[in-house]
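Hi everyone, thanks for coming. Let me put the structure up, and then we'll walk through it together.

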Amino acid sequence: MMQPDTVLSVRNLNKVYQTAGSWGRPGSKNHVVRDVSFDMRQGEILGLMGESGSGKTTLGRLILQLLPQTSGQVMLEGRELSSMTMQALRPLRARMQMIFQDPLFAFNPRHMVHQILSMPLRLHSELVARHGPVDKQIGQVLAQVGLPQDILHRYPQEFSGGQRQRIGIARALILRPSLIVADEATSALDVCVQAQILNLLLDLRDQLGLTILFIAHDLTAMGLVCDRVAVMLRGRIVEIAPTAELFSRPRHPYTASLLQAIPRIGSRAAAAPFVSAPAKVAAGADMDHGCPFRMSCHWATEACARTGTTLRQFEDGHWSACHREDLELPGI
Ligand SMILES: Nc1ncnc2c1ncn2[C@@H]1O[C@H](COP(=O)(O)OP(=O)(O)O)[C@@H](O)[C@H]1O
Ligand code: SF4
Ligand SMILES: [Mg+2]
């Protein structure tokens, strides 16, 4: 059942890409997001981790309605988005915003900061009517992200990576969203700047009550900011739990393999010997049924070809798709 403070609710979300056939050969289906369901409560930072190609960005874009879904539901603040007309969706688009890895690619290089920050408000003039003149709102948002007020007539390429990311965050915030999808937002920054941006996200969550889906492959960053973490493998969420619980007591062998691969000072950065690194799925392997980790899992049994796709609750709030309750997996 949905809690009253639920901001985002995703139900049985699927995305299938159909590739065209050629030379008489049939096309193939790429099932990129598979039956994904989860909720986010207001003010929560949920981490989404998983190897490259597991479907994290696609899931983020489906939530923001930047891509059409194949099936399933996305509800923002109790309203189902996918069945809405473009016109009905328009004001809701302001309520959910994305922060990119390097916003430079998302900015028009011919636009100065003032234009970058004012453009979204011109598209959503209802926010000007409600919250006051554009320049006043720009001044407020620059203060929120810790940027000086005198940068408005400079171009984004004149700034450092950290400052550019602050401009990217300001552009997202100017529309007063309730939900932010941060897709690898700190991955391109060096460690010191990364820490500053992570702290900024935490401050903004505390001050504005933002709900943030934090997509990253850097588990250290994830451990610092996320209240809960979801682990994605080949389009499925295979484990979801409060961060400390997931890191210290993983319930899915794939999660354990990711955690063991985190480099630690004074130890060799290698996966534990009992979990092999995620292997490529063998051609023809049936990924519609069965655990998506079974080709690589040390503990796979015959049953794993038929199960391992549905999340089950182990402890309060700790869900895993692995059917083996007997495993004692090492955390960090
Ligand atoms: N337009 C597309 N057409 C076909 N396949 C796509 C398309 N976009 C992404 N994919 C595939 O979807 C999968 C997931 O991609 P993505 O969501 O970017 O993963 P991640 O963000 O976890 O690295 C990848 O296998 C990718 O090749
Ligand atoms: S369901 Fe089977 S293959 Fe999948 S993680 Fe669990 S033991 Fe391994
Ligand atoms: Mg991605």
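Which residues come nearest to ligand 2? Of the 13 residues around ligand 2, those are Cys291, Cys297, Cys304, Gly308 and Cys322. By "around" or "near" I mean that a residue's C-beta atom, placed from the backbone, lies within 6 Å of the molecule. By class, that shell holds eight nonpolar, three polar and two charged residues. Here Ala, Val, Leu, Ile, Met, Phe, Trp, Tyr, Cys and Pro count as nonpolar, Asp, Glu, Lys and Arg as charged, and the others, Gly among them, as polar.

A quick word on the model. It's a predicted one: local features need pLDDT of at least 70, side-chain atom pairs count only at pLDDT 80 or more, and totals for chains, interfaces and linings use all residues. Residues are numbered from 1 along each chain as its sequence is written, while chains are lettered from A and ligands numbered from 1 in the order in which they are written.

Okay, ligand 1. The residues surrounding ligand 1 include Tyr17, Asn30, Val32 and Lys56. Strand 2 (29–41) and helix 1 (56–63) are the elements giving two or more residues to this shell, and helix 1 gives the most, with three. Helices (H or I, at least four residues) and strands (E, at least two) are DSSP runs, numbered from the N terminus. The shell around ligand 1 has two nonpolar, eight polar and one charged residues.

Finally, the domains. The assignment, automatic or from a database, gives domain 1 (6–19 + 27–249) and domain 2 (250–332). Their centres, taken over C-alpha atoms, are 28 Å apart.
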